[in-house]
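Have the sequence and the model open side by side.

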Amino acid sequence: MANVTVFCFLASYSVALVVELLRLQKQSPTRFLGGYAFAAAGFLAHTLFLWNQGRASELPPLLSSSRDWTLVLAWLVVGFYLFVITFDRQVSIGVFLLPLVLALVAASYFVVSTPNDALLTARHGWTMLHAASLAIGMAGVLAGIVLSLMYLLQHRRLRHKYSGADGLRLPSLERLSRINWWSVMVSVPLLTLGMGSGLVLKMIGSAESLSLADPVIVVNGISWLSLTGVFGWMLLTPRATGKQVAWRTLLACAFLLLTVVSLLVLPQIGLESGHGGVVLHDDCLICRGDTL
Amino acid sequence: MKLQVIYCNHQTARLDVRERLAFTSDDQLAEAYTQFRGSFPGSEAVVLSTCNRVELYTAQDDEGGAPGHVELAEFFSRFHGIPIEEFFGDLLTHNGPDAVRHLFRVCSSIDSMVLGEPQIVSQVKNAYRRSEENQACGPLTNALFQGAIRVSKRVRSETRLAEGRVSIASVAVGEFARGIFDRFDDKTVLVIGAGEMAEETLRYLQDDGVREVLVINRDPQRAEVLAREWGGSGYGMEQLHDLLGRADVVVSATGADQPIVDAEMFRRARRGNSDQPVFVLDLGAPRDISPDVAEIDDNVFLYDVDDLQATCERNRKLRSREIERALGIIDEESDRFMQEVYHRATGPIVKRLREQWLEVSEQELERLRTKLGHLEEEDMGQVEQTIQRIVNKLLHPPLETLRNEAREGTPHGLLEALRRLFHIHD
């Protein structure tokens, strides 16, 4: 159990993705069970790894480091994938979700992996709220991206009179649209809560005044605003459906994801910000878990 | 005897060609039969015109006087007023056994876009009935079409071709409408037309949970009757614009010879509703919905019968074993049918020969009765039976040879020899 490494579940998820791709060629119970087994095995290894990490740092994985936070996010996505294919074994959602999972696991190598010493002095409740709401909110953002992509692909196929001949089984536009709506409805309030709690942490934990000119705050704020704009529009537009919704959600979610991933990864490769240092947000776990 | 078919179908010709060659109404068909009889008085004819095919079957005893495929193509050209070069390349023709096999395949739905679909049998029956009503049928086409209906029954009962999605409507709804909508119980379905295809579509949609059904037809009473059957409401064509705007699913299957819904009408109907997806299924040939309706906005999903081709082809591949079994039955039945036809061609000669010999035997018996008047009734009966047996035994070898020869085709040489040898005259 203690020997579980990132490579274990990365390899399992890779095989599961290959099986999912093979299912595009031909659907068969064997292939489904093979893919499911590899994904489930990876999920188990992933869970054990996070458990071990938490025990080693004596902190929940969400708080132990940015790397673990990223891995928790990937873990949530895999859980969602397993949940969906348990109830609908025909749907080809793995083709969209598993590459994201692999990307997140791979990205975790580039983010801070050291335990967060500062958490010992931080208010545990606030940091937990901050990290958890951001993680679940980001999982919703990832779902929004995948669902929007699936919607646009399904829309294109239907407009061009293709059915499921290529083996790619997608849910109906109506279902994709409905789940997409819920993913935005859930993720935006959670992200708002996460960002709000981050600001509270900043105010509590730092003697310095909060600068709204901080590029991290500006970039995060813009991406959050764009997603909140989509949220408001979807909430106010009765029966908001269609390609336009999918495009808006995709762009807003992708922008937010890109922002967060950049803020996670760029400091590790030493990119300087115009703020006089690396692009860091001292109080944000996603950006800098070890300096909170 | 010449039996042939000239045709185009969904595999050989595009929809725009088929819809120009189609016979869309009973009146048009009646006029076609009248003109055909005028042009080819000795020929029997049956026209089969559906959304997927236009076929003309002809049969004539006198092979020399039968029209060839070029003459039949010219007939199409004259009747529809289309230059022959615009469609001649899309026409195919079969003669004799191949023509029989073709009809048997068509009627058994092997040749259909949707393998195993049941509508084709009633379409073939209707085509045959219309031909009878217009006095265009004859003994050969009667036998051919009755044979085709019998073979289709056998194929359906002995194979599994008719299992699964077996109608164009079911393929369209199953493959495409379900890609758009998750459920149908909260959708409004508008059916334009009250024919068999409309009914079949409604049957399938109701199985999928549709509750609100609107039926529109030129004859509102007919629409009302169909709608009532499916728990919906019937309307006349004047309501089309209003109802188009309300529908989530539009299925059109009328016999109109030009589009009844154009882009402008659809755009006006969708005003204020253009963010909602609408599934439009045009099962008409000629098409009922103008193709540019699909361009109105991104949420209009329009499909016509040709758009379903790829899906149907995939279903066909999955059932290749059943197709092989069905083709085996069709080959066997086609051979049997042709033997019967050939055998029937020898019938008049056989009958005449038998009559001639019996006539001779009767004359001889009469002469014997006069000469041997003292014979008892019982003895005379024995003599009659003996002579009858001699006639039958003498007739048996030539008739058996004739029957054997007729298995491969009409034995013209042998028939001619019998005529000359025994002085048989028509």
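B:Arg101 is partly exposed, because its relative accessible area is 23%, and the cut-off for buried is under 20%. B:Asp98 is also partly exposed, with a relative accessible area of 42%. Keep in mind that this is a predicted model. The side chains of B:Arg101 and B:Asp98 meet in a salt bridge, 3.4 Å from N to O. Both residues sit in helix H4 of chain B. They are 3 residues apart, about one turn of the helix.

Now move along chain B to another pair. B:Arg369 and B:Glu384 form a salt bridge through their side chains, with an N to O distance of 2.5 Å. B:Arg369 belongs to helix H13 (residues 320-371) of chain B, and B:Glu384 to helix H14 (residues 377-405) of chain B, so the bridge ties together parts that are 15 residues apart in sequence.

Over all chains, the structure holds 37 salt bridges.

Turn to the sheet in chain B. Six strands form an open sheet there, in the order E7-E6-E5-E8-E9-E10, and the pairing is parallel. Which strands stand at the edges? They are strand E7 (233-236) and strand E10 (300-304) of chain B. Each has a single partner strand, so one side of each is left without a neighbour in the sheet. From one strand to the next, the twist averages 15°.

Zoom in on one end of that sheet. Strand E9 (residues 278-282) of chain B is joined to E10(B) by 5 bridges, and the two run parallel. Within this pairing, B:Asp282 has B:Asp304 in E10(B) as its bridge partner. Helix H7 (residues 168-180) of chain B packs on the sheet, touching E9 and E10 of chain B. The direction of this helix makes about 160° with that of E9(B).

Finally, bring chain A into view. In the contact between the chains, 20 residues of chain A meet 25 residues of chain B. The size of an interface is often given as the accessible area lost when the parts come together. Chain A and chain B bury about 1800 Å² between them, with 41% of it on carbon and sulfur atoms. The interface also has 16 residue pairs in polar contact. Salt bridges between chain A and chain B number 5. One of the salt bridges pairs A:Arg178 with B:Asp182, and their closest N and O atoms are 2.9 Å apart. On the side of chain A that touches chain B, helix H6 (124-159) and helix H7 (173-205) of chain A each supply at least two residues.

Terms used. Residues numbered from 1 in each chain as written. Chains lettered and ligands numbered in written order. Predicted model: local features only at pLDDT ≥ 70, side-chain atom pairs only at ≥ 80, totals over all residues. Heavy atoms only, no water. Salt bridge = Lys/Arg side-chain N within 4 Å of Asp/Glu carboxyl O. Helix = DSSP H or I, 4+ residues; strand = E, 2+ residues; numbered from the N terminus. Buried < 20%, exposed > 50% of the residue type's maximum accessible area, 1.4 Å probe, protein only. Pairing = 2+ DSSP bridges. Axes fitted to C-alpha atoms, helices over the stretch in contact; angles between N-to-C directions. Contact = heavy atoms within 4.5 Å. Buried area = accessible area lost by both parts, 1.4 Å probe. Polar contact = N/O pair within 3.5 Å; in protein donor to acceptor, adjacent residues only side chain to side chain.
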